[in-house]
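Student: I have a new structure to look at. Can you walk me through it?
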Amino acid sequence: QVQLVESGGGLVQDGGSLRLSCTASGRTLSTYTMGWFRQAPGKEREFVAAISGSGISTYYADSVKGRYTISRDNAKNTVYLQMNSLKAEDTAVYYCVLRRAFCAGYGCYAAPAKYDYWGQGTQVTVST
């Protein structure tokens, strides 16, 4: 069993930055695909970013490309999401996810159903 615990959310002004962290307990991360989804009030959950087990491959939603960076430190069992140039539309609950199996291509990384574990979520609010 894997547990994912997110941290780093909060309130930030438009144009500001935040870094989210997700630490996994129970198993090592080195072979697992990790990612982030988000859900805004009244909207469906959407893909944000994902990273392969080795950290070599990363994928981003078009809405965050160039502003967000996903990274991982397998020695610490932790995945990070650096969010820069934040906008009001980035306001959402952000969820960390983990998939035990290999993921091939964007279609796999971006599909919520492909992930085996979800964190409890952390709120990010961007004020204008």
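Tutor: A disulfide here is a pair of cysteine sulfur atoms within 2.5 Å. This is a predicted model, where local features need pLDDT of at least 70, side-chain atom pairs count only at pLDDT 80 or more, and totals for chains, interfaces and linings use all residues. Residues are numbered from 1 along each chain as its sequence is written, and side-chain values use heavy atoms, with hydrogens and water left out.

Student: How many disulfides does a search of the whole structure find?
Tutor: The search finds two. One joins Cys22 to Cys96, with an S to S distance of 2.0 Å. That pair links distant parts of the chain, 74 residues apart: Cys22 is in strand β3 (residues 18-25) and Cys96 is in strand β9 (residues 92-99). Strands (E, at least two residues) and helices (H or I, at least four) are DSSP runs, numbered from the N terminus.

Student: Why is the disulfide of Cys22 and Cys96 called left-handed?
Tutor: Because the torsion about its S-S bond is about -80°.

Student: And which residues make the other one?
Tutor: Cys103 and Cys108, with S to S at 1.9 Å. This link is left-handed too, with -95° about the S-S bond. In sequence order, the bonded cysteines of the protein chain pair as 1-2, 3-4.

Student: Are these cysteines buried or exposed?
Tutor: Buried means under 20% relative accessible area, exposed means over 50%, and partly exposed is in between (1.4 Å probe, protein chains only). Cys22 and Cys96 are both buried. Cys103 counts as buried because its relative accessibility is 2%, and Cys108 is buried with a relative accessible area of 10%.

Student: New topic. What is in the largest nonpolar core?
Tutor: A nonpolar core is a set of buried Ala, Val, Leu, Ile, Met, Phe, Trp, Tyr and Cys residues joined through side-chain atoms within 4.5 Å. The largest has 38 residues, and those with the most contacts inside it include Leu4, Trp36, Tyr68 and Met83. Among the elements that each supply at least two residues of this core are β3, β4 (33-39), β9 and α1 (106-109).

Student: Which residues have a positive phi without being a glycine?
Tutor: Asn77, at about 55°, is one of them, and Ser85, at about 50°, is another. Asn77 sits in the loop between β7 and β8, while Ser85 is in the loop between β8 and β9.

Student: How accessible are Asn77 and Ser85?
Tutor: Asn77 has a relative accessible area of 16%, so it is buried. Ser85 has 41%, so it is partly exposed.
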